[in-house]
Amino acid sequence: RETIMTRRPSRSFFNRTRLLSMLAFLVVCVAVQIGFIVYLHSQDWCVWLPISYSHLTAGSYESTYIFLLLIYQLTYPAIVYTLDHEPIYKNTLMMCLMAVLYVINAYLVLFSADWINELFEFDVSPSISFRLQVLAIAAVNLLVNILVQLIFIFVDH
């Protein structure tokens, strides 16, 4: 059954507010990645090596944890950009897929098996505390992106 929306559709999907919102989203994610690299290098067990192409693509702490952080960050738009539309939690299949992805990624961050580390050339932190902090950073990253999006929604209305 069709219903009439009380709000008129925007003139363009890519209006100024939406573009600024997307830019803010990217700025937050890149800032988190840069801050994360700085934080990673401040760890006692992290040996900083001069960056080379092979160093970034082969097993290193940087490539491992940026990859795992990116898995979370790539799912955030599905949550963030549905805040002013149909809520994502109403899409059961999407919620199940995201839950599976988050559980697998949390496993990779916290307890990754040796054969997985060898297969993906992961260089895993010896500190379980750091691994828990990776999950906390990912969660805070999502919360900041949600807050920024809510500000844009408030300004747009």
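The secondary structure of this protein comes to 6 helices and 0 strands. Here helices (H or I, at least four residues) and strands (E, at least two) are DSSP runs, numbered from the N terminus. Read along the sequence, the pattern is α-α-α-α-α-α.

Two notes on the source. This is a predicted model, in which local features need pLDDT of at least 70 and side-chain atom pairs count only at pLDDT 80 or more, while totals for chains, interfaces and linings use all residues. Residues are numbered from 1 along each chain as its sequence is written, and side-chain values use heavy atoms, with hydrogens and water left out.

Now the overall values. Of the 157 residues in the protein, 36% are buried; buried means under 20% relative accessible area, exposed over 50%, and partly exposed in between, with a 1.4 Å probe and protein chains only. The accessible surface comes to about 10600 Å², and 70% of that surface belongs to carbon and sulfur atoms. Those areas come from the Shrake-Rupley method with a 1.4 Å probe. Among contacts with a separation of 6 or more, 74% are between residues 24 or more positions apart; contact means heavy atoms within 4.5 Å.

Next, helix packing. Two packed helices are described by the angle between their axes and the distance between the axes. Axes are lines fitted to C-alpha atoms, for helices over the stretch in contact, and angles run from 0 to 180 degrees between N-to-C directions.

Start with helix α3, residues 61-80, and helix α6, residues 128-156: they pack at an angle of about 30°, with axes 10 Å apart. α3 and α6 are therefore roughly parallel (under 35 degrees; over 145 is roughly antiparallel, 65 to 115 roughly perpendicular, and the rest oblique). The contact divides into 14 nonpolar, 4 polar and 1 charged. Nonpolar covers Ala, Val, Leu, Ile, Met, Phe, Trp, Tyr, Cys and Pro; charged covers Asp, Glu, Lys and Arg; the others, Gly among them, are polar.

How does α3 pack against α4? The angle between α3 and helix α4, residues 92-111, is about 160°, with the axes 10 Å apart. α3 and α4 are therefore roughly antiparallel, and their crossing is left-handed. On the α3 side the contact includes L68, I71 and T75, and on the α4 side M94, M98 and L101. By type, these contact residues are 13 nonpolar, 2 polar and no charged.

α4 and α6 also pack: their axes come within 8 Å and cross at roughly 155°. α4 and α6 are therefore roughly antiparallel. A106, V109 and L110 of α4 make this contact with I128, R131, L132, V134 and L135 of α6. That gives 7 nonpolar, no polar and 1 charged.

Last, two residues. F120 is in helix α5, residues 114-120, and at 47% relative accessibility F120 counts as partly exposed. E121 is in the loop between α5 and α6. Most residues other than glycine have a negative phi. E121 is not a glycine, yet has a positive phi of about 55°. At 43% relative accessibility, E121 counts as partly exposed.

Note on methods: A crossing is left-handed if the near helix is turned anticlockwise from the far one by less than a right angle, and right-handed if clockwise.
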